[in-house]
Amino acid sequence: MMDNSSERVLQRYLGEIESELEQLPRSVRREITAEIRSHLVEKWRRCSKPTEENMLNIINNFGEPGAIAAGYLEERSTEPARSEASPPPAWLVIVLTIFLWPAGIILAWLSPAWKSRDKLIATLIPFFLAAVLAAARLLLEFLVG
Amino acid sequence: MLYNALMELTNPLIQIKKGALEFCVLALIARGESYGYEIVKVLDEEGLTTPEGTVYPLLARLQKEALVTSSWRQMGEGNPRKYYQITRKGEAALALFREHWKEFVNTVDLILEGGTQNDG
């Protein structure tokens with residue numbers, strides 16, 4: 001167990017780091033300080049004498065709270081900026097269409113609420129759409145080319 | 001004078017070291033899952049001493065880039081540790097870096113030693 005004074009020193013240091021990381025979400029800040037705490041506690045326990053003075057030395061050795069926080073903020077700022085709502089990737093749309101459309105059609109054919117004629121129309125709509133799109137593309141290529 | 005010359009010499013080396021450190025940490029995790037304290041210790045033992053505080057933001061970035069994953073573990077009443085494991089993407093990135101690093105070191109060596117590639 002850690003004595004109270006060492007614990008207080010440690011808490012103050014972690015608190016300073018956390019306040020420097022204000023702009024990050026709380027869960028991220030907590031994760032960061034938990035990991036640093038784990039490091040400092042392990043080092044302290046391995047000391048010949050786990051005292052408050054040694055805790056202070058270990059903390060000094062680890063670095064200034066501002067510098068530590070800057071390290072984390074720098075790592076985050078180098079990541080490419082992403083738009084808030086990115087559209088679903090094309091592969092996902094294709095996969096969902098391929099796999100979900102048959103499921104929908106099977107359900108439609110099983111449903112007593114639909115007449116056979118409606119079921120046939122529902123089944124043929126995608127083929128009709130595909131044909132229209134293909135025709136439109138051919139026309140476009142013809143016009144551009 | 002001497003101090004300035006020394007600084008000018010060491011600064012580029014610090015930059016190179018900084019860039020390579022990321023992959024040294026990744027290589028250590030590739031040997032088997034590890035946690036921050038151990039990584040810092042092994043780096044130190046292998047002669048690549050770095051300020052302890054710099055390794056942790058670096059680990060955060062490796063995880064952000066999905067080169068490693070992590071999991072917290074606690075043994076009984078002990079101090080919980082955050083263990084890192086390398087991912088497939090991490091292994092691929094490491095393999096690529098190894099290749100490029102060797103090439104880079106060879107090229108720099110050749111130039112520094114006044115290599116014989118000019119006229120052939």
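Visitor: How do you know that α2(A) and helix α3 of chain B cross, and at what angle?

Guide: In this predicted model, the axes of α2(A) and α3(B), residues 52-64, come within 11 Å and cross at roughly 145 degrees. Angles run from 0 to 180 degrees between N-to-C directions, and the crossing is right-handed.

Visitor: What makes this a contact between α2(A) and α3(B), and which residues meet?

Guide: Contact requires heavy atoms within 4.5 Å. By that criterion Glu35(A), His39(A) and Lys43(A) in α2(A) meet Glu52(B), Tyr56(B) and Leu59(B) in α3(B). These residues divide into two nonpolar, one polar and three charged.

Visitor: How is the whole interface between chain B and chain A described?

Guide: Contact involves 22 residues of chain B and 20 residues of chain A. The two chains bury about 1900 Å² between them, with 49% of it on carbon and sulfur atoms. On the chain B side, Tyr37(B), Glu52(B) and Tyr56(B) lose the most area to chain A, together 34% of what that side buries. The figure of about 1900 Å² is summed over both chains.

Visitor: Which helix supplies the largest share of the lining of the largest cavity?

Guide: That helix is α2(A), with three residues. Both α2(A) and α2 of chain B, residues 36-45, supply at least two residues each. By class, the lining has three nonpolar, three polar and two charged residues.

Visitor: What makes the space lined by Glu74(A) and Lys18(B), among others, a pocket?

Guide: A pocket is an open set of points, whereas from a cavity the probe cannot get out. The largest pocket holds about 580 Å³ of space. Of its 22 lining residues, Glu74(A), Glu75(A), Lys18(B), Leu21(B) and Thr54(B) lie nearest its centre. The lining divides into nine nonpolar, seven polar and six charged residues.

Visitor: How do α1(A) and α2(A) cross within chain A?

Guide: The axes of α1(A), residues 4-20, and α2(A), residues 26-45, come within 10 Å and cross at roughly 145 degrees. Here α1(A) passes α2(A) in a right-handed crossing. Residues including Leu10(A), Leu14(A) and Ile17(A) in α1(A) meet residues of α2(A), among them Ile36(A), Leu40(A) and Trp44(A). The contact has eight nonpolar, three polar and five charged residues.

Definitions and conventions:
Residues are numbered from 1 along each chain as its sequence is written. Chains are lettered from A and ligands numbered from 1 in the order in which they are written. This is a predicted model: local features need pLDDT of at least 70, side-chain atom pairs count only at pLDDT 80 or more; totals for chains, interfaces and linings use all residues. Side-chain values use heavy atoms; hydrogens and water are left out. Helices (H or I, at least four residues) and strands (E, at least two) are DSSP runs, numbered from the N terminus. A crossing is left-handed if the near helix is turned anticlockwise from the far one by less than a right angle, and right-handed if clockwise. Ala, Val, Leu, Ile, Met, Phe, Trp, Tyr, Cys and Pro count as nonpolar, Asp, Glu, Lys and Arg as charged, and the others, Gly among them, as polar. Buried area is the accessible area (1.4 Å probe) that two parts lose on being put together, summed over both. On a 1 Å grid over the protein atoms alone, a cavity is a set of points where a 1.4 Å probe fits but cannot get out, and a pocket is an open set with protein on both sides within 12 Å along at least five of seven lines; lining residues have an atom within 4 Å of a point. Grid points are joined across faces, edges and corners, and a volume is the space filled by probe spheres set on the points.
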